[in-house]
Amino acid sequence: MPEIRFTQSLVPKALFSLVIHKSSGPDGISPIVLKTCAPELAPVLTRLFRLSYSLGVVPNSWKTALVHPIPKKGNRSLPTNYRPIALTHFPTGLESIINYQLLRYLEDHQLISDHQYGFRQSRSAGDQLVYLTHRWAKAIETKGEALAVGLDIAKAFDRVWHKALLSKLPSYGLPEKLCGWITSFLADRSIKVAVDGACSDSKSVNAGVPQGCVLSPTLFLLHINDMLQIDGIHCYADDSTGDALYTGRVNISWENVIECRNKLVPEVETLLNRVTNWGRLNLVQFNPTKTQVCAFTAKKNHLSYLLLLRTLL
């Protein structure tokens with residue numbers, strides 16, 4: 001990948017793309033100010049961004065996030081029923097420029113797995129749903145069956161192991177300066193919780209990719225990209241679906257059906273074992289309460305996957 005370029009045409013473009021309705025970060029600078037003053041700010045910000053990138057240093061003052069807990073459904077007295085929304089400092093334009101050039105390089109060279117549908121241009125959860133539905137319907141229409149397992153990574157963004165992620169970046173052909181800048185971007189981050197105008201003390205964060213940052217989704221895709229080398233895994237960001245299927249024919253014997261369907265559960269178990277081993281190596285945990293197993297069949301003698309359920313539990 002060529003080095004990241006910062007020009008006085010790219011910086012105002014990044015500032016003009018800011019969403020003005022978003023809240024300001026810990027620095028108190030509103031996005032509407034940055035967008036309105038983009039032409040005047042572009043020269044100095046261009047020099048600032050170039051200096052940060054060339055030195056491979058992200059100032060600590062840029063790495064503190066304000067976390068606002070937003071209540072979800074359920075009991076508001078439980079901390080788990082709140083969704084943390086993180087607001088970061090103003091250099092969103094810096095991240096946008098880096099993220100745009102990084103994503104373009106990864107997509108142009110097809111370095112992100114084709115089985116990943118999240119955080120990618122011209123792809124959506126609907127595309128993944130259509131693809132998987134087509135796979136399973138085709139199996140049923142040809143007198144076959146399919147067995148699928150839905151997986152969810154627990155605290156996906158918050159628990160990314162920095163050492164594992166950073167060790168993978170050079171394998172994608174990223175320049176040394178960019179790897180050094182990302183190392184500084186992830187290191188020594190901290191958060192403060194803001195409630196009703198009051199802030200907590202600062203708390204250091206030594207894992208995860210920062211929520212609210214433009215670059216974080218791309219870094220997360222690079223972190224789990226090697227998991228998608230496992231046959232039968234399809235992802236929308238951290239939501240993963242593994243499946244196994246067989247296709248039949250009109251005059252297939254019942255003995256052959258029994259032989260094929262008996263292979264489905266072992267195939268899915270093998271897939272889960274490989275996913276589990278990947279998670280162990282990358283310090284990734286899967287949420288057992290969100291694991292779902294589903295059989296797709298039109299046969300009256302339903303496929304038994306109770307053994308697989310016991311394995312998951």
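Student: How far apart are Trp181 and Phe185 in helix 7?
Tutor: About one helical turn, because Trp181 and Phe185 are 4 residues apart in that helix, residues 176-186. Helices here are DSSP runs of H or I with at least four residues, strands are E runs of at least two, and both are numbered from the N terminus. This is a predicted model, where local features need pLDDT of at least 70 and side-chain atom pairs 80 or more, while totals for chains, interfaces and linings use all residues. Residues are numbered from 1 along each chain as its sequence is written, and side-chain values use heavy atoms, without hydrogens or water.

Student: How many aromatic pairs turn up in the whole structure?
Tutor: The search finds 6 (ring centres of Phe, Tyr or the six-membered ring of Trp within 6.5 Å).

Student: And why is the pair Trp181 and Phe185 called stacked?
Tutor: Their ring centres are 5.4 Å apart and the planes sit at 15°, so the pair is stacked; that label needs planes under 30 degrees apart, with over 60 being edge-to-face and the rest tilted.

Student: Is Trp181 buried or exposed?
Tutor: Buried, at 1% relative accessible area, and Phe185 is buried too, at 3%. Buried means under 20%, exposed over 50%, and partly exposed in between (1.4 Å probe, protein chains only).

Student: Which residues form an aromatic cluster?
Tutor: Phe6, Phe49 and Tyr53 form one.

Student: New topic: where does Lys290 lie?
Tutor: Lys290 is in the loop between helix 9 (254-281) and strand 9 (292-296). Its relative accessibility is 49%, so Lys290 counts as partly exposed.

Student: How about the chain overall?
Tutor: The chain has 10 helices and 9 strands, and 44% of its 313 residues are buried. Its C-alpha trace spans about 75 × 50 × 35 Å along the principal axes.
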